[in-house]
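Welcome, and thanks for stopping by. Shall we walk through a model together?

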Amino acid sequence: MHIPDGYLSPTTCAALYAAAAPFWYVSLKRVKRSLHTRLIPMLSLMAAFSFVLMMFNLPLPGGTTGHAVGIGLAAIALGPWAAMLAISVALLIQAVFFGDGGVLALGANCFNMAVVGSLVAYGVYRVVAGGGAGASSRRVVAAALAGYTAINVAALLTAIELGVQPSLFMDASGTPLYAPYPLRIAVPAMMIGHLTFAGLAELIVTAGVVAWLQRSDPSLLKDAAPRAIDAEKVAGDGAGRMGWRATRPLWIGLTALTLLTPLGLLATGVAWGEWGPQDFTDQQMRRQITAASGDQSPPPYAPRGLEQLASIWTAPIPDYAPPFLQSQIFGYVMSAMFGVGLILLTFLLIGRVSPLRRKKNRR
Amino acid sequence: MEHSAAAEAAASKPGLLQRLDPRVKVAGLLGFLVSSALAHRLSTILGVFGAALILALLSRISLRRLAKRGWAGALLFSGSIALPAVFLTPGRIIFRLPFLDWPVTTQGIISAALLIARVETAVTLSLLLILSTPWPLVLKALRALGAPVVLVVILGMTYRYIFLLLAAARDLFEARQSRMVGALKAAEARRFATSSIGVLLSKSLQLSNEAHLAMLSRGFRGEVYSLDEFAMRPRDWMALAAFAGLAIVAIWTGR
């Protein structure tokens with residue numbers, strides 16, 4: 001994850017320093033305003049903590065071990081702006097003193113892990129935790145997701161930065177001058193490790209520490225859960241209406257996404273691997289499949305297994321276009337609403353019969 | 001902790017780099033780093049690497065220490081990343097591996113060599129700075145070169161507290177291990193690690209409050225002043241000119 005010097009071209013390094021700089025500036029201003037004279041000791045200790053956290057080796061399921069970067073934990077305990085600065089300082093010390101990550105590549109490492117990582121972790125935590133009470137298991141799940149998502153987004157950014165090097169920086173003979181692998185190799189190589197082991201380590205640490213803090217030091221979780229305190233007060237009055245306020249952004253986002261579904265019509269052709277049996281005999285479709293499969297032409301007839309299985313289930317709304325609707329755009333929106341409605345109904349039913357809910361009601 | 005003690009010891013030896021003004025060292029070694037990053041030719045990067053080796057020898061920094069602390073790790077990590085590039089980079093095929101029939105291309109070999117050479121040069125240059133300059137002086141040099149004063153103070157404090165927190169973490173493990181017979185199961189070890197991290201987080205915040213109160217009681221009002229006691233001597237100017245000249249030559253020849 002820590003990109004050493006030599007993998008990125010100096011122009012990429014400069015661009016990523018420039019990308020991180022406004023975030024450093026804004027976060028320093030914001031943190032200074034809220035911490036005043038506490039700024040220096042607070043950030044120093046937190047940077048030291050981020051550094052030491054990476055030394056904790058964690059046994060992972062499957063017999064391997066890994067360590068967390070602590071992006072999620074820092075963002076939850078300190079908020080995204082202070083976390084950004086603390087992790088950047090820890091990365092700087094690692095680069096200069098311990099040679100972990102490059103000095104020229106420091107801007108890139110800070111942008112991926114400290115800046116984007118902190119913002120993603122905090123965003124995911126706030127959205128998933130919503131108005132859940134400070135000691136709720138929902139917050140532990142939110143923390144786990146925050147850590148896992150943040151480390152994977154940071155890894156994806158790292159992979160993209162490494163993966164664009166060969167196409168941008170190559171000499172006349174076609175020799176890659178910096179990181180040698182294109183995106184199609186860099187992205188899977190980076191993501192396989194992070195979606196599994198590194199992501200898992202981050203998930204366990206973030207969730208485990210948040211669960212521990214809930215039991216032992218809940219005041220530390222207040223920065224990232226200001227609404228939780230109100231929620232607990234309101235819950236005491238028997239008003240369970242916090243759900244709407246807490247999840248309002250989610251509902252608005254869901255509605256916007258549903259209305260935007262006709263954008264899918266802009267994509268021409270058929271999705272790779274989602275062919276129907278009749279597509280194998282249609283000449284135009286055959287040409288599309290060949291072009292999308294690296295000039296490998298498909299077999300002349302649909303595989304027998306595909307033909308047999310395809311007839312087992314016929315979708316009620318084929319191709320997101322209900323047969324009774326003339327407008328394709330309206331059909332898309334209707335299909336999205338129908339699908340979202342079904343999913344919500346399923347979760348509502350699960351919620352009704354869930355043992356967790358029964359336990360909460362008894363209490 | 002051992003590394004930093006060794007770095008302090010190396011920085012106190014009489015040698016070329018140790019005698020130079022820290023600002024010159026930081027600027028000069030950074031210039032070398034940039035020139036090796038900009039170079040498109042393997043020969044130029046190897047030239048910068050050679051210059052770094054000569055500097056190490058003149059500064060009584062043993063090559064064995066450089067190999068142990070930097071080269072071996074970098075070679076293992078970057079070597080394993082660079083090796084597949086020899087076969088995967090498209091280009092002129094020189095030969096095919098027997099049995100496996102994988103093509104080895106000129107472009108692949110040069111690309112892997114460029115990557116490894118750049119990484120090794122960068123590692124050597126940053127080790128040279130750390131092994132010839134005590135950390136407080138590196139920070140002062142950063143300040144003198146225009147780094148924001150808040151950043152420099154935070155870096156200094158962070159560095160000190162890393163050791164304190166490392167010692168606290170070690171104590172946590174020792175306390176647990178001294179009360180335990182046999183090994184923990186994986187799930188228990190995970191629980192122990194996460195609760196130790198939680199304890200350490202609470203401790204860090206508590207310490208930051210105490211440090212803050214201690215600073216306030218000694219008159220801290222949020223402003224930081226640093227003493228700039230560096231003075232450039234003739235040999236520092238000569239060294240700066242040499243660093244700049246070599247870096248420009250490297251950038252010129254490496255195009």
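Visitor: In chain B, where is confidence lowest and where is it highest?
Guide: This is a predicted model, in which local features need pLDDT of at least 70, side-chain atom pairs count only at pLDDT 80 or more, and totals for chains, interfaces and linings use all residues. Residues are numbered from 1 along each chain as its sequence is written, with chains lettered from A and ligands numbered from 1 in the order in which they are written. Chain B averages a pLDDT (the predictor's confidence in each residue, from 0 to 100) of 84, and 98% of its residues score at least 70. The lowest mean, 71, belongs to helix α1 (residues 2-11) of chain B, and the highest, 89, to helix α4 (residues 42-58) of chain B.

Visitor: What distance separates the end C-alpha atoms of α4(B)?
Guide: Helices are DSSP runs (H or I, at least four residues), numbered from the N terminus, and strands are runs of E, at least two. The expected span is 1.5 Å times one less than the number of residues. For the 17 residues of α4(B) that rule gives 24 Å, and the model agrees, with its end C-alpha atoms apart by 24 Å.

Visitor: Which residues of α10(B) are buried, and why do they line one face?
Guide: A residue is buried if 20 or more other C-beta atoms, placed from the backbone, lie within 10 Å of its own, exposed if 12 or fewer, and partly exposed in between. The buried ones are B:Ala239, B:Phe243, B:Ala247 and B:Ala250.

Visitor: Which helices do the buried residues of α10(B) pack against?
Guide: Residues are in contact if their C-beta atoms, placed from the backbone, lie within 7 Å. From the other direction, α10 (234-253) is among the elements covering the buried residues of α4(B). The partners of α10(B) are α3 and α4 of chain B.

Visitor: Is B:Arg60 buried or partly exposed?
Guide: B:Arg60 sits in the loop between α4 and α5 of chain B. Its phi is near 55°, a positive value in a residue other than glycine. With 15 other C-beta atoms within 10 Å, B:Arg60 is partly exposed.

How values were computed. Contact = placed C-beta atoms within 7 Å.
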